[in-house]
Amino acid sequence: MDRRQNPRIEVQLPVQVWGMDAHGQPFTHPGLVINMSVGGIVIQGVRRKLRIGGILDVQMGQDRAQFKLIWVGDAYGDIGLQRVTAHTFVAHSVLTHCSQAAAAC
């Protein structure tokens with residue numbers, strides 16, 4: 001059984017990520033959101049040494065939001081982020097609808 005609190009959908013959306021790396025150095029890096037929910041996102045392609053619990057800014061188009069780094073993945077540069085700001089890129093109703101449609105397939 002899935003322990004997630006919110007439905008997730010697979011996407012491929014380009015973003016820009018910036019913040020401080022594990023060495024305290026500011027960085028900016030392009031990435032690709034590959035999975036998202038109302039509460040968080042998974043970004044691929046951020047190959048920096050990062051500190052769990054750090055706050056990162058993510059920009060998608062003109063929208064920006066802050067996220068807390070929850071986990072760092074494998075060689076693809078996957079990172080799991082939890083939403084910190086109230087603003088999210090995709091409305092809850094859209095995510096719910098998409099995940100229900102995908103589950104029906």
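Guide: A nonpolar core is a set of buried Ala, Val, Leu, Ile, Met, Phe, Trp, Tyr and Cys residues joined through side-chain atoms within 4.5 Å. Buried means under 20% relative accessible area, exposed over 50%, and partly exposed in between, with a 1.4 Å probe and protein chains only. The model is predicted, so local features need pLDDT of at least 70 and side-chain atom pairs count only at pLDDT 80 or more, whereas totals for chains, interfaces and linings use all residues. Residues are numbered from 1 along each chain as its sequence is written, and side-chain values use heavy atoms, with hydrogens and water left out.

Visitor: Which residues have the most contacts inside the largest nonpolar core?

Guide: In soluble globular proteins, nonpolar side chains tend to be buried together. Here the largest nonpolar core has 19 residues, and Val-17, Val-33, Ile-41, Ile-43, Val-58, Ile-79 and Leu-81 have the most contacts inside it. Two or more residues come from each of strand 1 (9-20), strand 2, strand 3, strand 4 (55-60), strand 5 (63-72) and strand 6. Strand 1 gives the most, with four residues.

Visitor: In which order do the six strands close into a barrel?

Guide: Strands of a sheet pair through backbone hydrogen bonds, either parallel or antiparallel. Helices (H or I, at least four residues) and strands (E, at least two) are DSSP runs, numbered from the N terminus; two strands pair if DSSP finds at least two bridges between them. In this chain, the elements run β-β-β-β-β-β-α from the N terminus on. The barrel order is 1-2-3-6-5-4, with antiparallel pairing.

Visitor: Is Ser-37 buried or exposed?

Guide: Ser-37 counts as buried because its relative accessibility is 6%. This residue lies in the loop between strand 2 (26-36) and strand 3 (40-44). Its side chain reaches the backbone nitrogen of Gly-39 at 3.1 Å.

Visitor: What percentage of the residues in the protein chain is buried?

Guide: Of the 105 residues in the protein chain, 35% are buried.

Note on methods
Polar contact = N/O pair within 3.5 Å; in protein donor to acceptor, adjacent residues only side chain to side chain.
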